[in-house]
Amino acid sequence: MEFHGFTDEDTSYEYPSSSRNTAFTNWSIDSIKLGFGDSPNSPLSGQFDCDGWSHLPVDAQAPAYSRQKMRRALQQIETDLMLPDPEEPATSTSLESSEKQQDQAAKQFRVRPRTGGAPPELRHPEKRLRESKSPSGDDLRQLLISCAESLSENDMEEFESLVREARGVVSIAGEPIQRLGAYMLEGLVARRENSGTNIYRAMRCDEPENKELLSFIRILYDICPYFKFGYMAANGAIADAIRNEDRVHIIDFQIRQGTQWITLIQALAARPGGPPRIRITGIDDSVSEYARGESLQLVGKMLMELSKKFSIPLEFKGLPVYGPDVTREMLDIRPGEAVAVNFTLQLHHTPDESVDENNPRDRLLRLVRALSPKVMTLVEQESNTNTTPFATRFAETLDYYSAMFESIDAAVARDSKERIGVEQHCLAKDIVNVIACEGKERVERHELLGKWRSRLSMAGFRPYPLSAYVNSVIRMLLGCYSDKYTLVEKDGALLLGWKNRNLISASAWH
């Protein structure tokens with residue numbers, strides 16, 4: 001399907017009026033009501049008003065940060081990138097690499113030997129749990145790891161005993177580690193019963209109505225800055241790379257609701273000398289289609305509204321094709337266009353050589369490299385679960401999602417039904433997939449930034465350092481959230497995390 005944007009005032013596009021699309025329509029259309037008259041004319045050098053951020057009601061009365069102010073800040077970043085180069089501040093460097101952090105986490109949660117001189121209280125943390133009305137997080141972590149260890153050693157009697165103990169202390173309404181433990185325990189039981197794939201599919205089939213699912217996605221997007229700032233970093237890199245181009249083709253390998261491109265389009269429309277002609281190719285996935293309640297046609301109509309509103313020529317083509325099945329012919333590459341390719345939390349779903357001897361992941365990267373893009377942006381979970389052995393993978397998943405659940409706990413009331421919905425429908429199925437599934441059925445195959453660097457370098461890519469100017473503004477905006485959020489710059493990439501755990505990496509390549 002293709003959409004072409006016009007600026008004629010007589011041309012209009014109507015959105016479907018059914019209730020199933022209400023959440024998406026409100027999210028998309030309201031977000032483009034921000035006019036450029038509200039944006040400062042000077043480069044981003046002033047202070048952001050964190051005190052002005054408020055918790056506004058969204059669907060189902062879920063708490064959210066002020067999306068208008070966030071979009072205004074993001075729009076300003078991208079608009080400034082269209083201006084002549086300011087004097088760039090020096091790029092800060094990371095004091096601790098992501099890989100070192102993961103090694104430390106692995107040491108902290110390493111499974112202890114089940115024979116030899118391990119202290120009884122570590123070999124049998126369930127004994128300590130019996131004596132504690134409110135078990136410590138470390139005790140519960142060790143109990144869960146002991147469950148995973150006994151399962152990996154095929155000690156079913158011990159496994160069943162430990163699972164019974166764990167069931168008495170996990171709860172989807174408890175502390176973050178208790179909530180996470182409930183889902184990880186179900187993953188272990190599913191793995192034990194060889195039903196991981198069936199449970200994962202059942203969880204996907206048992207998703208709420210699309211309007212409700214989109215509401216949960218929206219809440220997660222609002223309360224946790226990882227994804228928001230991942231988009232900001234990617235858009236900043238793209239804006240920088242195409243700032244002098246007259247014709248631009250953006251290829252998004254997971255278009256989702258299309259909202260990542262709203263502020264970038266606004267910024268390009270205000271570019272000195274006039275906007276470029278923009279072409280967006282959006283590649284879809286089944287979860288995003290379900291959440292929208294409609295096909296990619298809805299995304300195309302939203303983008304056409306932007307085209308009309310900001311008088312920018314825009315063409316959209318939707319490709320309802322699984323990413324690895326995309327071919328060059330489908331992308332309709334045209335001479336004279338600057339190509340920008342975007343992978344946001346998507347590339348880890350593509351199998352690599354450990355799953356498929358044809359290595360679809362590297363084949364896809366070679367396809368993109370052959371397009372000679374001005375820039376390719378990559379946003380990924382900073383976790384090592386692709387090829388690691390099960391016990392190590394379990395400990396890594398426990399460490400990663402512990403930080404994620406703690407950050408949610410800091411933003412949403414513990415007894416909130418919306419919080420339970422977010423964790424259950426946006427996170428739990430991924431956790432179960434990592435723990436319970438294997439082979440081609442395990443689609444959540446995260447890798448650390450260092451491994452992505454190696455893979456991309458072998459495919460012929462070179463780093464395209466993220467702008468230190470944009471990074472400094474993102475750091476300023478991050479200060480409007482909890483002080484437990486972290487932002488690390490490393491070798492031109494950006495790592496966003498909670499406390500001492502990196503969770504999302506953003507990098508650019510060409």
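1. A nonpolar core is a set of buried Ala, Val, Leu, Ile, Met, Phe, Trp, Tyr and Cys residues joined through side-chain atoms within 4.5 Å. Buried means under 20% relative accessible area, exposed means over 50%, and partly exposed lies in between (1.4 Å probe, protein chains only). The largest such core here has 100 residues. Leu188, Ile280 and Leu303 have the most contacts inside it. Helix H11 (residues 225–241) gives this core its largest share, 11 residues. A second, separate core of 23 residues includes Phe253, Leu364, Val368 and Leu456. In soluble globular proteins, nonpolar side chains tend to be buried together.

2. Some ground rules. This is a predicted model, in which local features need pLDDT of at least 70 and side-chain atom pairs count only at pLDDT 80 or more, while totals for chains, interfaces and linings use all residues. Residues are numbered from 1 along each chain as its sequence is written, and side-chain values use heavy atoms, with hydrogens and water left out.

3. The overall picture. The chain has 20 helices and 9 strands. Helices (H or I, at least four residues) and strands (E, at least two) are DSSP runs, numbered from the N terminus. Of the 510 residues, 60% count as buried. The accessible surface comes to about 20800 Å², and 47% of it belongs to carbon and sulfur atoms. These areas come from the Shrake-Rupley method with a 1.4 Å probe; for residues, only the protein chains shown count as cover. Contact means heavy atoms within 4.5 Å. Among contacts between residues at least 6 apart in sequence, 79% join residues at least 24 apart.

4. Around Leu188. Which residues does Leu188 touch, not counting residues up to four places away in sequence? They are Leu144, Cys147, Ala148, Leu151, Phe159, Phe390, Phe394 and Ile435. Leu188 is also one of the residues with the most contacts inside the largest core.

5. Helix H14. This helix covers residues 297–309. The expected span of a helix is 1.5 Å times one less than its number of residues. For the 13 residues of H14 that gives 18 Å, and the end C-alpha atoms are 18 Å apart, which agrees. H14 is largely enclosed by the rest of the structure, because 11 of its 13 residues are buried. Among them are Leu298, Val299, Met302, Leu303 and Leu306, but also Lys301, Glu305 and Lys308.

6. Strands S3 and S4. S3 (residues 277–283) and S4 pair in the parallel sense over 6 bridges. Two strands pair if DSSP finds at least two bridges between them. Ile280 stands opposite Phe316 in S4. S4 (residues 314–319) is mostly covered, with 6 of its 6 residues buried. In a regular strand the side chains alternate between the two faces of the sheet. Both faces of S4 are covered: Leu314, Phe316 and Gly318 lie on one side, and Glu315, Lys317 and Leu319 on the other.

7. Met330. This residue lies in helix H15 (residues 328–331). Is Met330 buried or partly exposed? Met330 counts as partly exposed, because its relative accessibility is 27%. Its contacts, leaving aside neighbours within four places in sequence, are Lys317, Leu319, Val321 and Asp325. The C-alpha atoms of Met330 and Lys317 are separated by 9.9 Å, and the two residues are 13 apart along the chain.

8. Positive phi values. Most residues other than glycine have a negative phi, and most peptide bonds are trans. Leu345 has a positive phi of about 55 degrees although it is not a glycine. Asn359 likewise has a positive phi of about 55 degrees and is not a glycine. Leu345 sits in the loop between strand S5 (338–344) and helix H16 (360–370). Asn359 is placed in the loop between S5 and H16. Leu345 is buried at 10% relative accessibility, and Asn359 is buried at 11%.

9. The structure holds 0 disulfides. A disulfide is a pair of cysteine sulfur atoms within 2.5 Å. Cys224 is buried at 0% relative accessibility, and Cys426 is buried at 13%. Ser407 lies in helix H17 (residues 390–409). Ser407 is buried at 0% relative accessibility. Leaving aside its neighbours within four places in sequence, Ser407 is in contact with Cys224, Tyr226, Tyr485 and Trp498.
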